Amino acid sequence: MTDAPAPGAAMHALVRELYPICRSITGDGLRQTLARLGGDIPLVRHEVPTGTRVFDWTVPREWNIRDAYVKNPAGERVIDFRRHNLHVVNYSVPVHRTMTLAELRPHLHSLPDRPELIPYRTSYYKESWGFCLPHRQLEQLPDTGYEVCIDSTLEDGHLTYGECLVEGRTQEEVLISCHACHPSLADDNLSGLAVATFLAQHLAKQPRRYSYRFVFVPGTIGAITWLSRNEELTRNIRHGLVLTCIGDRASFTYKRSRRGNAAIDRAVEHVLSHADPGHKVVPFSPYGYDERQYCSPGFNLPVGCLMRSHHGQFPQYHTSADNLDFVTPQALAGAFDTLLSVFDVLEHDGHYLNLKPRCEPQLGQRGLYGATGGSGPKQVEMAMLWVLNFSDGEASLLDIAQRSGMPFAVVREAAALLERHDLLARAT
């Protein structure tokens, strides 16, 4: 499953194409984004009407924006949505009036500790409006009158999400979820959208045991909506990952599922232990991205979250510094390859039985062991000894890989060799 080169440059090009779009939890920017992804993968788009009850939540009114600005008395746009869509508080209600700086000031948001950056702010569930700007610019605004305009609409409409199913030999599924609602934030989460899209393309060309379900949803309300409409389907989910912030230069961070020791947790941790010495593993908490919805107690799905920089814990997070330079083709390619390695573990893990369990079988006479000694067994030869010793129907190949400290791919190769020589059989 990992034989194709990772398309880092192509994924970065997709991030660059999507970056200017003003997305939100509803609206045309979200639809435009999903339509673009649908040009690369068979994406089914779902529209859920405003007012629909989804567990304890209600699908909100739909928000769209055409323009927004703050003009000084000379008619110059001192804050301009056309320059950067983070300048407007996402979900701002319409406004058009003239006001003093003192009247405008409560509606202006900045970051005094990072005075060159535009913050990202939202007002999804409380009707409000505002602008975001660098703190240095805020401090330099003259005390004069300003024309303030937000040309937006907030009215009954729909919540939109996309879904792509790559069918395998079984109905057992791996869920890959990405939030698709953030405007002009490259790592959070255009990186996740791009990597997931290219994974879906790649997996569609490979033989697969599992079916892979990719969902592209607005954060929180989108995952809640998807779960409310697919309760029966969730019984098929055996493994899952939320992908976010996987395009920057940091080492990986993996947040475990609520279960803490699910197969997906062990598979990701095993792959990272061999691929990324600087990686971190953190326990589940009910704060973060949509893993907290999939892992809520009514579902308790085995869904972890794979990141590079941890959300909320890096200075570019939710600011204009999360831009196209912050995300690199190399990091996207590394995430793509890492996820394919994780899927390879999930696809090929299994329990085996040693068919000659009384002492070691003679591997040399079968051409499976070196004819001369002195330098110790090679890695695959050592892996065969581990596989034979622990293939009692209780330990899986992943168990053996973790206990031996060997990469799963080596253990899997050893098992295949032993199976071909009638020394090993898959447990039923």
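1. In this predicted model, S191 counts as buried because its relative accessibility is 0%, under the 20% limit for that class. S191 belongs to helix 5, which spans residues 186-203. Leaving aside residues up to four places away in sequence, S191 touches V15, A186, C245, I246, G247 and L332.

2. Helix 5 also holds N189. The peptide bond that leads from D188 to N189 is cis, its omega being near 15°. This bond deserves a look in the model.

3. The packing of two helices is described by the angle between their axes and the distance between those axes. For helix 1 (residues 8-18) and helix 2 (residues 28-38), the axes come within 11 Å and cross at roughly 155°. Helix 1 is therefore roughly antiparallel to helix 2, as the class begins over 145 degrees. The crossing of helix 1 past helix 2 is right-handed. Helix 1 contributes L14, E17 and L18 to the contact, and helix 2 contributes T33, R36 and L37. By type, the residues of this contact comprise three nonpolar, one polar and two charged.

4. Helix 9 runs over residues 329-348 and has 20 residues. From its first C-alpha to its last, helix 9 reaches 29 Å, close to the 28 Å expected at 1.5 Å a residue. Helix 9 is mostly covered, with 14 of its 20 residues buried. One of the residues touched by S191 is L332.

5. Q293 lies in helix 8, which covers residues 291-294. With a relative accessibility of 13%, Q293 counts as buried. Its contacts, not counting residues up to four places away in sequence, are T220, A223, I224, L227 and F299. Between Q293 and A9 there are 284 residues of separation in sequence and 32 Å in space, C-alpha to C-alpha.

6. Which value of phi does N300 have, as a residue other than glycine? The phi of N300 is positive, near 50°. N300 sits in the loop between helix 8 and strand 16 (303-307). At 22% relative accessibility, N300 counts as partly exposed, because that class lies between the 20% and 50% limits.

7. H318 likewise calls for comment on its backbone. Although H318 is not a glycine, its phi is positive, at about 55°. The residue is placed in the loop between strand 16 and helix 9. H318 is buried, since its relative accessible area is 18% and the class covers values under 20%.

Note on methods: Residues are numbered from 1 along each chain as its sequence is written. This is a predicted model: local features need pLDDT of at least 70, side-chain atom pairs count only at pLDDT 80 or more; totals for chains, interfaces and linings use all residues. Side-chain values use heavy atoms; hydrogens and water are left out. Helices (H or I, at least four residues) and strands (E, at least two) are DSSP runs, numbered from the N terminus. Buried means under 20% relative accessible area, exposed over 50%, partly exposed in between (1.4 Å probe, protein chains only). Contact means heavy atoms within 4.5 Å. Axes are lines fitted to C-alpha atoms, for helices over the stretch in contact, and angles run from 0 to 180 degrees between N-to-C directions. Angles under 35 degrees count as roughly parallel, over 145 as roughly antiparallel, 65 to 115 as roughly perpendicular and the rest as oblique. A crossing is left-handed if the near helix is turned anticlockwise from the far one by less than a right angle, and right-handed if clockwise. Ala, Val, Leu, Ile, Met, Phe, Trp, Tyr, Cys and Pro count as nonpolar, Asp, Glu, Lys and Arg as charged, and the others, Gly among them, as polar. The expected span of a helix is 1.5 Å times one less than its number of residues.
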